[in-house]
Amino acid sequence: MTTPTSTPPTVLLEHYLKQLKLPTILREYKTQGHQCAQERTDYPVYLLRLAERELLDREQRAAERRIKSAGFPVLKTMDSFDFAAQPSINQALVRELAGGEYIQRKENVLLVGNSGTGKTHLASALGLAACALGRPVRFFSAAALVMLLLERREERTLGRMLKNLERQQQIIIDDLGYVPFSKAGAELLFEVVSRAYERTSLIMTTNLPFEAWTEVLGSERLTGALLDRLTHRVHILEANGESYRLQDARKRLQRRRVPKNEKE
Ligand code: ADP
Ligand code: MG
């Protein structure tokens, strides 16, 4: 056993840094030490640099944790969205939403449009932006959410799940589609929307016009109540262009045809 007096100070320092959970300082204190010695900077500057790096890394790690627990199906960013391919989307509004203030104001976003117009992409990108801004987010497909809610109710852990959802600052419900929910399923979905009202920002995407929501949710009264809460403070983004996948496939097809034509 070594006694503290015979232990080299760096061993002790590294032990303390681990105890204090300062992994970045642990990793960088030596190289920064050399650099500061070369630059002849004083001790506070050395400490400042280390503290800054630790803080930046900590924020980065927290954002990564938030992204992981949000459960995005794929990571889509705002940068990879081609607005020129979907001119019907209000780009100025999307850019404003990416700033995240609507989350603080507990406002909702509704993305409406045909299949392939980038609704899921934009919803995920807004969610990702929210994670980067420090907001806890959960992403669900509407069908999966309803299934999960029914399952949790069966297991008698629905209360826990609803509590967990209340801790989120944004809930994304993707793809309310043509498949109708059971009565119990629709009521549970309503429960989520209703609890989120004025407390949690909701993003919903759908290919259905409002008139068709009753077909999915079953009851006209429930649909009215749900839409009432959802649309009280809502930003609506409409995409009525052609499917991006279709545009993309057509471009690829054209590219493949060109060399053929050149040969002729
Ligand atoms: P939707 O949810 O409206 O059916 P998606 O968001 O799933 O459409 O889009 C389908 C695919 O096309 C995804 O891979 C998405 O990233 C891509 N995509 C759609 N619109 C665009 C766009 N304007 N720019 C870049 N990629 C797009
Ligand atoms: Mg989609």
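The model is predicted. Helix 7 packs with helix 8 at an angle of about 135°. Helix 11 has buried residues that line one face of the helix, and the face turned away from them carries exposed residues.

**Helix 7 and helix 8**

- Helix 7 spans residues 142–154 and helix 8 spans residues 158–166, and their axes lie 7 Å apart.
- On the helix 7 side, the contact is made by Leu145, Leu148, Leu149, Arg152 and Arg153, which meet Leu158, Met161 and Leu162 of helix 8.
- Sorted by class, this contact of helix 7 with helix 8 holds 6 nonpolar residues, 2 charged residues and no polar ones.

**Helix 11**

- Leu222, Thr223, Leu226, Leu227 and Leu230 are the buried residues of helix 11, which runs over residues 220–230.
- Viewed down the axis of helix 11, these buried residues fall within an arc of 125°, so they line one face.
- They pack against strand 1 (108–113), helix 9 (183–196), strand 4 (201–206), helix 10 (213–217) and strand 5 (234–239).
- Glu220, Arg221 and Asp228 are exposed on the face turned away from the buried side of helix 11.
- At the start of helix 11, the backbone nitrogen of Arg221 has a side-chain oxygen of Ser219 within 3.2 Å.

**Glu59**

- Glu59 belongs to helix 3, residues 43–70.
- Its relative accessibility is 48%, so Glu59 counts as partly exposed.
- Glu59 and Gly134 are 75 residues apart along the chain, and 8.5 Å separates their C-alpha atoms.

Methods. Residues are numbered from 1 along each chain as its sequence is written. Chains are lettered from A and ligands numbered from 1 in the order in which they are written. This is a predicted model: local features need pLDDT of at least 70, side-chain atom pairs count only at pLDDT 80 or more; totals for chains, interfaces and linings use all residues. Side-chain values use heavy atoms; hydrogens and water are left out. Axes are lines fitted to C-alpha atoms, for helices over the stretch in contact, and angles run from 0 to 180 degrees between N-to-C directions. Helices (H or I, at least four residues) and strands (E, at least two) are DSSP runs, numbered from the N terminus. Contact means heavy atoms within 4.5 Å. Ala, Val, Leu, Ile, Met, Phe, Trp, Tyr, Cys and Pro count as nonpolar, Asp, Glu, Lys and Arg as charged, and the others, Gly among them, as polar. Buried means under 20% relative accessible area, exposed over 50%, partly exposed in between (1.4 Å probe, protein chains only). The arc is that of the directions from the helix axis to the C-beta atoms. A polar contact is a pair of N or O atoms within 3.5 Å; within protein, one must be able to donate a hydrogen and the other to accept it, and residues adjacent in sequence count only if both atoms are side-chain atoms.
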